[in-house]
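Subject: The structure, and some notes on it

Hi there,

Here is the structure I promised to pass on.

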Amino acid sequence: MTRGLGRTNLRRVSTHPPRTERSRTLEAVIALVAFAAIGWATTASARPISTAAKPEQSSSGGATKALSAPQAVLLGLVEGITEYLPISSTGHLLITEEMLNLRDGSEVSRSALDSYTVIIQFGAILAVLVLYRKRVLTIFQGLIGRSESGKRLLIASIVAFIPAAVIGKGGESIISDRLLKPWPIVAAWFVGGLIILAVWPRIKDRAGVPLEQITIRQAGLIGLAQAAALWPGTSRSFVTILGGLLVGLSLSAAVEFSFLLGLLTLTAATAYEALGHGSEVVDQFGVAIPLLGMAVAAVSAFFAVRFMVSWLNRGGLTIFGWYRIAAAAVVGAWLLIAG
């Protein structure tokens, strides 16, 4: 696939109108403000781990750990910005929580926090639903028998969803107990960055088939790749986009299928957490704080997805590889200093 063809395909996939120079400038300003807010809030709120305050006790004797509005905004920004970029939202959220000393409570409060960061994914889901509403409508038409291409995409999405769902459920305790920690995330960031830098130059110019021609075999292989993202820090977007390219999809098709597969995967995860731990989240954080996190995640994800599609038109995945390596180095150094 030539770079010119890739640009054409990515514009075709995009569901928003062509952007003017003014809108590009506005998006750049918003992105800069968002990243500045993350840096300010993290610096202002972080304390040395050794002097972290203990969680307060509720009247019932259980540990509580309330989130402030600025912390909710920060977590929403981190979730929205990183969910669909190939840099791992789970990894960024956990490291942010560590820097804010939000993970120093009992297992009960930690469980509620983990559920909270999954539930606010609903905001990121809404962002992609808005941006890719036409494709989602096509899939819905396939569900009711009115679109053959929509039916193909629906079946492909379900096939790709199954491996991660089965493996994730079976290995839930291992992931939570052994991998949902800073050092495994740092390792996943670093290794993923090296893979991007090694593989992307070799596949960036490959021609590939459009999304409408995806096969069950291709979907299944992408699904197996998605299962690798159960290791926190790997990034679901990274492995599904790379997997799509390696099985023969065009860049535009791989990116869009990653987003569509994310809708199914993230919706299932959000619903699972809401049904199983929703009351715990409300008990710990109330109602307004989760809603605030969802709203911020929705807005930031909207602009992050647009940025990613626009960037891939020009620069490809290389920048994300370097970012992952830099993030691993910075966070690794911080962990060593913090002890």
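Ser157 sits in helix H8, which spans residues 148-170. Setting aside neighbours within four places in sequence, Ser157 is in contact with Phe257, Leu261 and Leu264, where contact means heavy atoms within 4.5 Å.

A word on what you are looking at. This is a predicted model, in which local features need pLDDT of at least 70 and side-chain atom pairs count only at pLDDT 80 or more, while totals for chains, interfaces and linings use all residues. Residues are numbered from 1 along each chain as its sequence is written, and side-chain values use heavy atoms, with hydrogens and water left out.

**Confidence and overall make-up**

The protein chain has a mean pLDDT of 84, and 80% of its residues reach 70 or more (pLDDT is the predictor's confidence in each residue, from 0 to 100). Over residues 1-19 the pLDDT stays under 50, and the model has 38 contacts beyond four places in sequence for them. Residues 22-64 also have a pLDDT below 50, with 51 contacts in the model beyond near neighbours in sequence.

The secondary structure comes to 15 helices and two strands; these are DSSP runs numbered from the N terminus, with helices being H or I of at least four residues and strands E of at least two. Of the 339 residues in the protein chain, 51% are buried. Among contacts with a separation of 6 or more, 83% join residues 24 or more positions apart.

**The nonpolar cores**

In soluble globular proteins, nonpolar side chains tend to be buried together. The largest nonpolar core here has 46 residues, and Ile214, Phe257 and Phe259 have the most contacts inside it. (A nonpolar core is a set of buried Ala, Val, Leu, Ile, Met, Phe, Trp, Tyr and Cys residues joined through side-chain atoms within 4.5 Å.) At least two residues of this core come from each of H6 (121-131), H8, H10 (182-203), H11 (216-228), H12 (236-246), H13 and H14. H13 gives the largest share, ten residues. Another core, of 17 residues, lies apart from it, and includes Leu67, Ala72, Tyr116 and Ile120.

**H13 against H14**

Helix H13 (residues 251-285) and helix H14 (residues 288-314) pack at an angle of about 170°, with their axes 14 Å apart. That makes H13 roughly antiparallel to H14. For reference, the axes are lines fitted to C-alpha atoms, for helices over the stretch in contact, and angles run from 0 to 180 degrees between N-to-C directions; under 35 degrees counts as roughly parallel, over 145 as roughly antiparallel, 65 to 115 as roughly perpendicular and the rest as oblique.

On the H13 side the contact involves Leu251, Val255, Phe259, Val281 and Phe285, which meet Ile289, Pro290, Val305, Met308, Val309 and Leu312 in H14. By class, this contact has eleven nonpolar, no polar and no charged residues.

Two of these residues deserve a look. Leaving out residues up to four places away in sequence, Phe259 touches Tyr84, Val128, Tyr132, Val305, Met308 and Val309. Met308 and Val255 are 53 residues apart in sequence and 9.4 Å apart in space, C-alpha to C-alpha.

**Two loops**

Pro86 is found in the loop between H3 (69-82) and H4 (89-99). Pro86 is buried, with a relative accessible area of 1%. Beyond four places in sequence, Pro86 touches Ser235, Ser237, Phe238, Met308, Leu317, Phe320 and Arg324. Pro86 and Phe320 are 234 residues apart in sequence, yet 6.7 Å apart in space, C-alpha to C-alpha.

Most residues other than glycine have a negative phi. Ser88, in the loop between H3 and H4, has a positive phi near 80°, and is buried at 3% relative accessible area. Asn101, in the loop between H4 and H5 (107-119), has a positive phi near 55°, and is buried with a relative accessible area of 3%.

Key:
Nonpolar A, V, L, I, M, F, W, Y, C, P; charged D, E, K, R; others polar. Buried < 20%, exposed > 50% of the residue type's maximum accessible area, 1.4 Å probe, protein only.
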